[in-house]
Amino acid sequence: MDINKSLKARNDKLAAPAAQLAVLNQSAVSGKNFGDAIFDAGQFPFQPYALDILYVNIGKTCNQVCNHCHVDAGPDRQEQMTRETMQHCIRAAAVSNVHTIDITGGAPELHPDFRWFVEQLALIGKKIIVRSNLTVLVTGNAGNDLPAFFKKHKVEIAASLPGFTATVTDAQRGEGTFDKSIRALQLLNDAGYGKPDSGLVLNLVHNPSGIQLPGGQKITELDFKKNLEEQFGIVFNNLFVITNSPVGRFLEYLLRSGNFEIYIRKLADAFNPDAAAYTMCRNSISIGWDGQLYDCDFNQMLELQLTDPQIRHVAEFNADALTGRTITINQHCFGCTAGEGSGFCGATAQTT
């Protein structure tokens, strides 16, 4: 069967979630199965060990259209979280042992209630992480005050930067992206971010291009630190290395280039039980822009709901029930368990 024929349901440039799942399910029939890998590793059923982090996607609006984006974010996407749903998120964090709120998008900074949301989370004493594409800080007037705003509320920044050269970064994220990213990083450094003893954490997030799996996180971090400081005087705290998940635009790329089966098998062959033990779904919950709950951000984009039908929305948040759930899995989960693993903070089981 031609695997591309599974992609009949379309939504603009992106395959509908049901069609993406059909492709992933077909790969389970024809090759290695993630459920079998988990069973063989003695980790079935796949369940959380804690609930420490709320990963909140507050909208799909973005100033970029990146080739690998699993969210299919862009300037044309209008989905944004309401303030009412944000209030549910704040309450969920306040009444639970959750210690971190990880805010993403799209470009979360473009949400009209972004600053309000951060301020309210700061009031209840939670650690706040913002996933930034960097360019939003230097594009138009929207982000001019953000370094100072982040500093005021001790926000931790996780900034996307595919490479330390324009060639690599622009190929993945668009022409001119690298130069803008460098300017944004310099502004963050000027505000104290990434500087020793400042208490202002600036982490970079790297994902490889094409069908390559990422290299070792420690050695890649050393390369980034050396090149960014020597060329641009930029310093940062840590580098998180992320494996591209076969979801969204990256799945379309794999199908279009004829590399889908090759990539899935590459991920499956690199399955690491130690990485599987600490995937992000095992200590976090993902909240969609509409308040729906998911085991992870990738399940969110595939619309793979939680197994418990009584807890599907953040308004129904129940920390005990969520901690005791069984995690919904599929073939894309190989992306978080390959090699050193891939999670919020990059590698989950460093081997080099």
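# Questions about a predicted model

Colleague: How far apart are the end C-alpha atoms of helix α3?
Modeller: Helices (H or I, at least four residues) and strands (E, at least two) are DSSP runs, numbered from the N terminus. The expected span of a helix is 1.5 Å times one less than its number of residues. Helix α3 (residues 83-94) has 12 residues, so it should span 16 Å. The model agrees, with end C-alpha atoms apart by 16 Å.

Colleague: Is Ala268 buried or exposed?
Modeller: Buried means under 20% relative accessible area, exposed over 50%, and partly exposed in between (1.4 Å probe, protein chains only). Ala268 is found in helix α10 (residues 260-269) and touches Lys32 and Phe334, not counting residues up to four places away in sequence. Because its relative accessible area is 7%, Ala268 is buried.

Colleague: Which residue in β5 stands opposite Ile101?
Modeller: Two strands pair if DSSP finds at least two bridges between them. Four bridges join β4 to β5, and these strands run parallel. Strand β5 (residues 127-132) has five of its six residues buried. The residue opposite Ile101 is Ile128.

Colleague: Which kind of aromatic pair do Phe271 and Phe334 form?
Modeller: Rings of Phe, Tyr and Trp (its six-membered ring) pair if their centres lie within 6.5 Å; planes under 30 degrees apart count as stacked, over 60 as edge-to-face and the rest as tilted. Phe271 and Phe334 are both buried. Their ring centres are 6.2 Å apart and their planes are at 90 degrees, so the pair is edge-to-face.

Colleague: How many residues apart in sequence are the parts that this pair ties together?
Modeller: Phe271 lies in the loop between α10 and α11 (273-276), and Phe334 in helix α14 (residues 334-337). The separation in sequence is therefore 63 residues.

Note on methods
Residues are numbered from 1 along each chain as its sequence is written. This is a predicted model: local features need pLDDT of at least 70, side-chain atom pairs count only at pLDDT 80 or more; totals for chains, interfaces and linings use all residues. Side-chain values use heavy atoms; hydrogens and water are left out. Contact means heavy atoms within 4.5 Å.
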